[in-house]
Amino acid sequence: MPLSSHVIEKERDPNHKVKIESSPKWIRVIFGGETVADSKKALILFETGFTPVYYFPEDDVRMDLLRATDKTSSCPYKGNASYWSVVVGEHTAEDAVWKYTETYDDSPEIQNYVAFYWDKLDRWFEEEEEIFVHPRDPYKRIDVVNSSRHVKIVLNDTVIAETSTPTLLFETGLPVRYYLRPTDIRMDLLLSTEKATHCPYKGACNYYSVNLGDQIIDNLAWYYRYPTLEAAKIAGLVAFFNERVELYIDGDLQEKPKTKWSIANSAEH
């Protein structure tokens, strides 16, 4: 029975939105060598400030592998949730599963559907393609375009890179990223780092710090050695955080965008 939403109106942000849609994709989740969810009828939930989340019908989840825990939570936009751990042999993912046993009347679709914390499970697949980090948002896209704009990157009065053959990557909701050939970059100033991240749209990412002699700026640049097919044109090219360098486009200094990457060592790219 859905909960009445009027009881929490004072707690709600009117700009906070929850949208739920059916996903046409075949989704599978694997943990400890077992497929714990396998569905062609999953829902995908979009919520302001969060990445998308898949919700699975109970019939498509190995409920026999779930063990109820004492954890509960309440969301002012979705309802009251209970939690389960996934247990496969000697492998346990604690509190990795939740289900809204009571939902508010504006999100009844997910009542008794099952969701998983992405990073507590081993592998996720959309159709036959493994995906990483979170579900790919069908309303987000990337465009990779060759350009002849003149790009110059300066840091502490040192020109780090300059080119008239950049590759521009446009990604929904993010600043334009300028990918440059290593031959157009002062690679002698770049130091490989141990940082590695994964983007669900572009692939596995590695990083460089910049060594200016008296200062090392950590993880200022990145590259995709083997990007996804959608981003194939940036393979081996290097981009710098617009947020933390002086970026000149066709001679004009660009305003630094304000994002979560504006501060060094902030959230993953």
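This is a friendly dialogue about reading one predicted protein model.

Colleague: What should I know about the model before I start?

Modeller: It is a predicted model, where local features need pLDDT of at least 70 and side-chain atom pairs count only at pLDDT 80 or more, while totals for chains, interfaces and linings use all residues. Residues are numbered from 1 along each chain as its sequence is written, and side-chain values use heavy atoms, with hydrogens and water left out.

Colleague: What is the average pLDDT of the protein chain?

Modeller: pLDDT is the predictor's confidence in each residue, from 0 to 100. The protein chain averages 92, and 93% of the residues score at least 70. Residues 4-10 have a pLDDT below 50, and this stretch has nine contacts in the model beyond near neighbours in sequence. Contact means heavy atoms within 4.5 Å.

Colleague: How many helices and strands does the protein chain have?

Modeller: Helices (H or I, at least four residues) and strands (E, at least two) are DSSP runs, numbered from the N terminus. Here the protein chain has zero helices and 22 strands. Its C-alpha atoms fill a box of roughly 60 × 45 × 35 Å along the principal axes. Among contacts between residues at least 6 apart in sequence, 52% join residues at least 24 apart.

Colleague: What share of the residues counts as buried?

Modeller: Buried means under 20% relative accessible area, exposed over 50%, and partly exposed in between (1.4 Å probe, protein chains only). Of the 269 residues in the protein chain, 44% count as buried.

Colleague: Which residues have the most contacts inside the largest nonpolar core?

Modeller: A nonpolar core is a set of buried Ala, Val, Leu, Ile, Met, Phe, Trp, Tyr and Cys residues joined through side-chain atoms within 4.5 Å. The largest one has 25 residues, and F56, V86, F116 and W124 have the most contacts inside it. Two or more residues come from each of β2 (27-31), β3 (34-39), β4, β7 (79-88), β8 and β9 (114-116). A second, separate core of 23 residues includes Y178, L189, A221 and I249. Leaving out residues up to four places away in sequence, F116 touches V36, A37, F56, V61, V86, A96, V97, W98, L121 and W124.

Colleague: Where do the residues lining the largest pocket come from?

Modeller: On a 1 Å grid over the protein atoms alone, a pocket is an open set of points where a 1.4 Å probe fits, with protein on both sides within 12 Å along at least five of seven lines; lining residues have an atom within 4 Å of a point. Grid points are joined across faces, edges and corners, and a volume is the space filled by probe spheres set on the points. The largest pocket has a volume of about 770 Å³. Its lining has 33 residues, with T51, H134, K140, Y201 and K260 nearest the centre. At least two lining residues come from each of β1 (18-22), β4 (43-47) and β17 (190-199), and β17 gives the largest share, three residues.

Colleague: What classes of residue line the second largest pocket?

Modeller: Ala, Val, Leu, Ile, Met, Phe, Trp, Tyr, Cys and Pro count as nonpolar, Asp, Glu, Lys and Arg as charged, and the others, Gly among them, as polar. The second largest pocket, with about 490 Å³ of space, is lined by 23 residues, and F50, T51, V53, W98 and Y117 are closest to its centre. That lining has 16 nonpolar, four polar and three charged residues. For the largest pocket, the lining has 13 nonpolar, ten polar and ten charged residues.

Colleague: Is D95 buried or exposed, and what is its phi?

Modeller: Most residues other than glycine have a negative phi. D95, in strand β8, has a positive phi near 45°, and D95 counts as buried at 19% relative accessibility. D250 also has a positive phi, about 50°. D250 sits in the loop between β21 (246-249) and β22 (252-253) and is partly exposed, with a relative accessible area of 47%.

Colleague: Which residues does S192 touch?

Modeller: Not counting residues up to four places away in sequence, S192 touches Y207 and Y208. S192 is in strand β17 and is exposed, with a relative accessible area of 59%.
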